[in-house]
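I opened my notebook to look through a new structure, one item at a time. Come along and check each entry against the picture.

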Amino acid sequence: MTKENIKTAAISLFAQNGYEGGKLAEIAKAVHIKTASLYFYFESKEQLFIELFDDIRDRKVESLDKLHEEINTMNSVKDQLYHLYQYFSKRNYEENEEELFWKRCTLFPPNFLKEKISQDLISYQSKFIDESLRPMILLGMKSGALKEQNPEIVIAAFFGIIDALFNEIHYSKQDAYQKKVIMLWEFYWNSLKKWVFYYLNDSLLN
C-alpha cells in the first residue's frame, strides 16, 4: 500500500513541477515517511519516474484495446472514425494529475528518458494506426464510403488535426474549443467521404 501511496504522491508532484522539480523529500513528506525509506521501494528517483511513466503508458495501451473493441460494434465507417476522433479530442479536456504527468513527459521529457519516451510514443501511435485507423480507412475505401486516395495522407491529416487541437485547448475556452472540434471534424469528413451525385433523367425535368 505504501508503494502505491508513494506513486500517487509522486505523480502529483511531478505533474506540477516536472522531473527536476519533484523532490524526493517532498514525496516522502506527502506519504509521512522518511526520505531514506523511499529507497526500500524504489532504487532511485529515475526508477520511480520510469515506473510511473510505464504504468500510465500501459493503461493507455489498454484503452486502445477497449477503443478497438468499441469501434468493432459500429457498422458505419463515419461513426467509427468519429468515435476515434472524439476519443482523442475529448482527452484534451482531461486535467487530472495523471494526464498532466503524461503531457509533461511527452512534451518536456527529462534527458535520461527522451529516447525511451520517443520510442514508446511511436509504438503507441503505431498500434493505434495498425489495429484501428488504417484498417478502418482501407475498409471504408473498399466499401465505397470513402474516396480512393492515399491512406497515409488520410492518417497524417487525422493526426495533424488532433495535434492542432492539442495546442488549441491551451488557448481557447472550452466552448470555443468544442466549436473548432466540430468544424474540423466536418472539414475532415467532407474531404474523405465519397460524394454520390444522382442525375435526373431529362424527362423528369420537363
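Entry 1: What volume does the largest pocket have? I looked it up in this predicted model, and the largest pocket has a volume of about 500 Å³.

Two or more lining residues come from each of helix H4 (77–91), helix H5 (97–107), helix H6 (114–143) and helix H7 (151–168). In total, 17 residues line the largest pocket. Nearest its centre I found Arg91, Trp102, Leu121, Gln125 and Asp163. I also sorted the lining by class: it has 10 nonpolar, 3 polar and 4 charged residues.

**Entry 2: the whole protein.** I then stepped back to see the overall build. The C-alpha trace spans about 90 × 35 × 30 Å along the principal axes.

**Entry 3: H1 against H3.** Here I followed two helices, H1 (residues 2–21) and H3 (residues 45–71). At what angle do their axes cross? The axes come within 10 Å and cross at roughly 95°. Angles of 65 to 115 degrees count as roughly perpendicular, and therefore H1 and H3 are roughly perpendicular to each other.

I listed who touches whom. H1 brings Lys3, Ile6, Lys7, Ala10, Ile11, Phe14, Tyr19 and Glu20 to the contact. From H3 come Lys45, Glu46, Leu48, Phe49, Glu51, Leu52, Asp55 and Ile56. Sorted by class, this contact holds 9 nonpolar, no polar and 7 charged residues.

**Entry 4: H3 against H5.** I stayed with H3 and looked at its packing with H5. The axes of these two helices are 11 Å apart, at an angle of about 110°. That angle makes H3 roughly perpendicular to H5.

Which residues meet here? On the H3 side I wrote down Phe49, Leu52, Phe53, Ile56, Arg57, Arg59 and Lys60. On the H5 side they meet Glu98, Glu99, Phe101, Trp102 and Cys105. The classes in this contact are 7 nonpolar, no polar and 5 charged.

**Entry 5: a link between pages.** I noticed some names coming back. Trp102 of H5 is in the contact with H3, and Trp102 is also one of the residues nearest the centre of the largest pocket. Phe49, Leu52 and Ile56 of H3 are among those that touch H1, and they are also among those that meet H5.

Notes: Residues numbered from 1 in each chain as written. Predicted model: local features only at pLDDT ≥ 70, side-chain atom pairs only at ≥ 80, totals over all residues. Heavy atoms only, no water. 1 Å grid on protein atoms, 1.4 Å probe; cavity = no way out; pocket = protein on both sides within 12 Å on 5 of 7 lines; lining within 4 Å. Points joined across faces, edges and corners; volume = space filled by probe spheres on them. Helix = DSSP H or I, 4+ residues; strand = E, 2+ residues; numbered from the N terminus. Nonpolar A, V, L, I, M, F, W, Y, C, P; charged D, E, K, R; others polar. Axes fitted to C-alpha atoms, helices over the stretch in contact; angles between N-to-C directions. Parallel < 35°, antiparallel > 145°, perpendicular 65-115°, else oblique. Contact = heavy atoms within 4.5 Å.
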